[in-house]
Amino acid sequence: THNADAFVNAVVAANTSETDKIVIIPQDTIIYMSNVSFFNIHNVIIQIDGTIRISDNLERWNRDRLACFYFEDSEGIHINGNGNGIIDGQGLAWWRLTYLGIDYRPNLFEIHTTRDITFQNVLLLSSPRWSIYLKDCADVVIHDITIYIDSTIIRNNGNDSVTYALNTDGIDIAAYNVTIYNTNITNYDDAIVPKPCRSNWKYCQCAGNIMAYNNTITYSTGLTIGSVPPNENVNCIRNVTFKDTTMYRPLKAIYLKSNPGTSGSGIIEDILFENIHIEQALWWTIWMGPQQQNQPGGSDGTGCNFLFPFITTCPTQPLVTFNHITFRNIIAIDTLPLFEGPGVFLCDPTNPCTDITFDNVVNTMWDGNVTEFISQLPINIPNIILPHYHKDEFEYEYIVSNMYGSSIGNVTPSVCLEDDCFWKDETETETE
């Protein structure tokens, strides 16, 4: 607590100074501290050359889930390092707590209604929840950082359970005018994810003008858009490019997702995925449609079942529009067809996905034995859920419905874009 107070005093002093705007965590210094919050900070540099370790004394945390570092209504927030700086969220205690049904985890960094933000040359280690979350922000540059959710602390403690760092997103950005490059992210939920902005927000009415390139992703649920539920003030993501990125063993690699809702509207539009190399996707290489999860607190059956397509509940969202989305030079090798296919595109019949382009999208299936790599995975997975063989009639193909667009060059396997080949589950009845 004393260290947190000292840190707050230093930031406040820098904020009020005309000339001395830098707060320094010195090299070869380790500081333990609790969470801190700031409002109306202007043009302050926080230079992390040493190590900050966030307290994992959970009994002392306020359950309102303010972030470890929280900023609001500010301008010019710069988190810099010398390449050796570390901010350690000490997430293990928090991850274990979620398995008891208790989840008040803080994000490592959370920034609201702020413009002119940079993160560079720091390691963000084992966040309790998301590593970076920006809401209603603008003019952001994130580069040369490492986000590492350390699952080895689970495996190396002699603990053979399937404790898993749930919901540990990397970079979540409900923001406008963002550049993200040269990052290295290892995590267990969305890696880089534009979130929707709304028409009544201050800096960001539609998340967009976002470029993410030259990034390396390990595990994760991918390069993601959304989720986007409908909203009366229009949830919107537009003009996003992911390019020149390598992904190793993602659960999902490319993931565009709507969410349930019964009023308002949402937009996912002008999205480009280009030059993406994917190795050994563990689940799906591309998913576009309803978010695949059990909705929080949701007993209403509105979500897409986690075991789709074996359980075929996956209602599409007519109030969210998917339009002008391009997949170009997407090369996925050694994909594990856990659900017997490389990907899913589920669009609504009353509001189908339009202007979808596949340009040189190649997906090859793993043909080896899963025991060769199962011990290398970050958690213990029962062998029974991984594929060892396939039915004789197995066809490696996408599940597609209500999607229109074009296919250019080598697209293997081919993607169905015709009315007469829409996917139907066995419970549907034929209609004229």
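Which residues form a nonpolar patch on the surface? The points below take up this matter and others in turn.

1. Basis of the model. This is a predicted model, in which local features need pLDDT of at least 70 and side-chain atom pairs count only at pLDDT 80 or more, while totals for chains, interfaces and linings use all residues. Residues are numbered from 1 along each chain as its sequence is written, and side-chain values use heavy atoms, with hydrogens and water left out.

2. Surface patch. Phe306, Leu307, Phe310 and Ile311 form the nonpolar patch, and together they have about 410 Å² of accessible area. Patches are made of residues with over 30% relative accessible area and no salt bridge, like charges being joined within 9 Å and nonpolar side chains (Val, Leu, Ile, Met, Phe, Trp, Tyr) within 5 Å. Accessible areas come from the Shrake-Rupley method with a 1.4 Å probe, and for residues only the protein chains shown count as cover. Phenylalanine 306 is found in the loop between strand E21 (284-290) and E22. Helices (H or I, at least four residues) and strands (E, at least two) are DSSP runs, numbered from the N terminus. Phenylalanine 306 counts as partly exposed because its relative accessibility is 46%; buried means under 20% relative accessible area, exposed over 50%, and partly exposed in between (1.4 Å probe, protein chains only).

3. Parallel strand pairing. E1 pairs with strand E4 (residues 42-48) in the parallel sense over four bridges, and valine 23 has isoleucine 46 in E4 as its bridge partner. Two strands pair if DSSP finds at least two bridges between them. Strand E5 (residues 51-54) and strand E7 (residues 85-88) run parallel and are joined by three bridges, with isoleucine 87 in E7 as the bridge partner of isoleucine 52. E7 is also joined to strand E9 (residues 122-125) by four bridges, again in parallel; here leucine 123 in E9 is the partner of isoleucine 86.

4. Disulfides. A disulfide, taken as a pair of cysteine sulfur atoms within 2.5 Å, occurs five times in the model. With bonded cysteines counted along the chain, the pattern is 1-2, 3-4, 5-6, 7-8, 9-10. Cysteine 137 is in no disulfide, and the nearest cysteine sulfur, that of cysteine 204, is 8.5 Å away. Cysteine 137 is buried, with a relative accessible area of 0%.

5. Individual links. Cysteine 197 and cysteine 204 are joined with an S to S distance of 2.1 Å, and both are buried. The torsion about their S-S bond is about 95°, so this disulfide is right-handed. Cysteine 347 and cysteine 353 have sulfur atoms 2.0 Å apart; the torsion is about -100°, so their disulfide is left-handed. Cysteine 416 is joined to cysteine 421 at an S to S distance of 1.7 Å, and this link is right-handed, with 90° about the S-S bond. Cysteine 416 counts as buried at 16% relative accessibility, whereas cysteine 421 counts as partly exposed at 34%.

6. Salt bridges. The structure holds nine salt bridges, each being a side-chain nitrogen of Lys or Arg within 4 Å of a carboxyl oxygen of Asp or Glu. One of them joins arginine 115 to glutamate 75, the closest N and O atoms being 2.5 Å apart. Arginine 115 lies in strand E8 (residues 109-120) and glutamate 75 in strand E6 (residues 69-81), so the pair ties together parts that are 40 residues apart in sequence. Another, between glutamate 274 and arginine 328, has an N to O distance of 3.3 Å. This pair links distant parts of the chain, with glutamate 274 in strand E20 (residues 266-279) and arginine 328 in strand E22, 54 residues apart. Salt bridges that share partners join Glu75, Arg115 and Asp139 into one network.

7. Isoleucine 331. This residue lies in strand E22 (residues 320-335) and counts as partly exposed at 28% relative accessibility. Not counting residues up to four places away in sequence, isoleucine 331 touches Ile276, His277, Ile278, Asn360 and Val362, where contact means heavy atoms within 4.5 Å.
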